[in-house]
Amino acid sequence: MIYPEYIKEGSAIGVTAPSDGNKKDTDFVRLDYGKEQLRKRGYEVIETEHVRTSEKGRSTDARTRTKELEELINNDMVKWIISAKGGDFLLEMLPFVDFECIKANPKWIQGYSDNTGLTYTITTNCDMATLYGCNFNDFGMEVWHKTIEDNLQLVEGKINAEHSFDQYEDGFYDRVTGLEGYRLEKPVYWRNLWDENEINLSGRLLGGCLDVLLYIVGTRFDQTKEFIEKYKDDGILWYLESFALESEALTLGLWQLKEAGWFQYTKGFVFGRPAFYNPDSEISYDEAVLSVLEEFHVPIILDADIGHKAPQMTMVNGAMAAIHSKDGKGTVKFDFV
């Protein structure tokens, strides 16, 4: 496993828009303030051309998005690349991505949601660790939540563990100034299925947004089986979260990944809080998950701090991880081996 080097004072952080770009005035405020916050901490921030554009759900065309990513990949000063936004069309880039170039110039590449199209494929195609964590605008809140501090310290090599938070934001809200923090309103509670009081898991971490992974499976960019075969002795810890999959889509999506062989060496599953879930046919989220994954007889954790309902932990694709869940609280500890 290739691990990019930790960032340090004087390193450059690149911001690019491989999916959608910023388009609201409050987004621009947040973007600028995020850059200012990081500059105060000793980092240069380089922004590619189309971070502030959005047309039909895309920052620009796929070739140009790829070119702007590669500008940062080939810049020796840049050590950490963070996606500006999520969206729906990142996968259009993949035919133009030079994975060998990325492998030859390892950088921390971070984003979530639609950015699964990069983080997951880079880890599985390049054997390189990536970060499934917040997009850049979250660095623009006036007072950083602990998850943002943890994110930075993880990439600086100052911490190797993250802990569940006290509360989370249950909805999606328009910002007034652009500098607002998360609207924390409900208690965080990790749920262990099988009525287990305590779960301890260890293995190599892999995952992302299910909505995106279901488009990748079976394509030429799907190197999952080769990846898990290489690390079968470690076992795979799957972390997964869904944006807008209703009960049928969640059930059949997990079934599809299972039948594609993705879960062959699994040692456990950790699911983030779903952003939107419609229990059609009166099927709960728990029932949908268990209907497919029960046969593996491995621990399953639900409602972890991963994904769209902030705050979210920064998950390191490809790293060895130890996960502990007890009494509604959880810890993820990374080992970069």
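In this tour, buried means under 20% relative accessible area, exposed means over 50%, and partly exposed lies in between, with a 1.4 Å probe and protein chains only. Helices (H or I, at least four residues) and strands (E, at least two) are DSSP runs, numbered from the N terminus. This is a predicted model, in which local features need pLDDT of at least 70 and side-chain atom pairs count only at pLDDT 80 or more, while totals for chains, interfaces and linings use all residues. Residues are numbered from 1 along each chain as its sequence is written, and side-chain values use heavy atoms, with hydrogens and water left out.

Select helix H2 (residues 62-73) to begin. Its end C-alpha atoms are 16 Å apart, which agrees with the 16 Å that twelve residues should span at 1.5 Å a residue, the expected span being 1.5 Å times one less than the number of residues. Now colour Ala62, Arg65, Thr66, Glu68, Leu69, Leu72 and Ile73, which are buried in H2. They cover an arc of only 160° around the axis, which puts them on the same side of H2; the arc is that of the directions from the helix axis to the C-beta atoms. Turn to the face away from this buried side, and the exposed residues Arg63 and Lys67 are there. The cover over the buried residues of H2 includes strand S1 (12-16), strand S2 (44-47), S3, helix H3 (99-104), S4 and H4.

Next, select glutamate 92, in the loop between S3 and H3. At 30% relative accessibility, glutamate 92 counts as partly exposed. Beyond its neighbours within four places in sequence, glutamate 92 is in contact (heavy atoms within 4.5 Å) with Arg58, Ala62 and Arg65.

Move on to the largest pocket. A pocket is an open set of points on a 1 Å grid over the protein atoms alone, with protein on both sides within 12 Å along at least five of seven lines; a cavity is a set where a 1.4 Å probe fits but cannot get out, and lining residues have an atom within 4 Å of a point. Of the 45 residues lining the largest pocket, Lys85, Gly86, Tyr112, Phe172 and His308 lie nearest its centre. Helix H1 (25-40) and helix H6 (210-216) are the elements that give two or more residues to this lining, and H6 contributes the largest share, four residues.

Finally, select Thr16, Pro18, Ile81, Ile82, Ser83, Ile109, Gln110, Gly111, Asn115, Leu118 and Thr119, which line the largest cavity.
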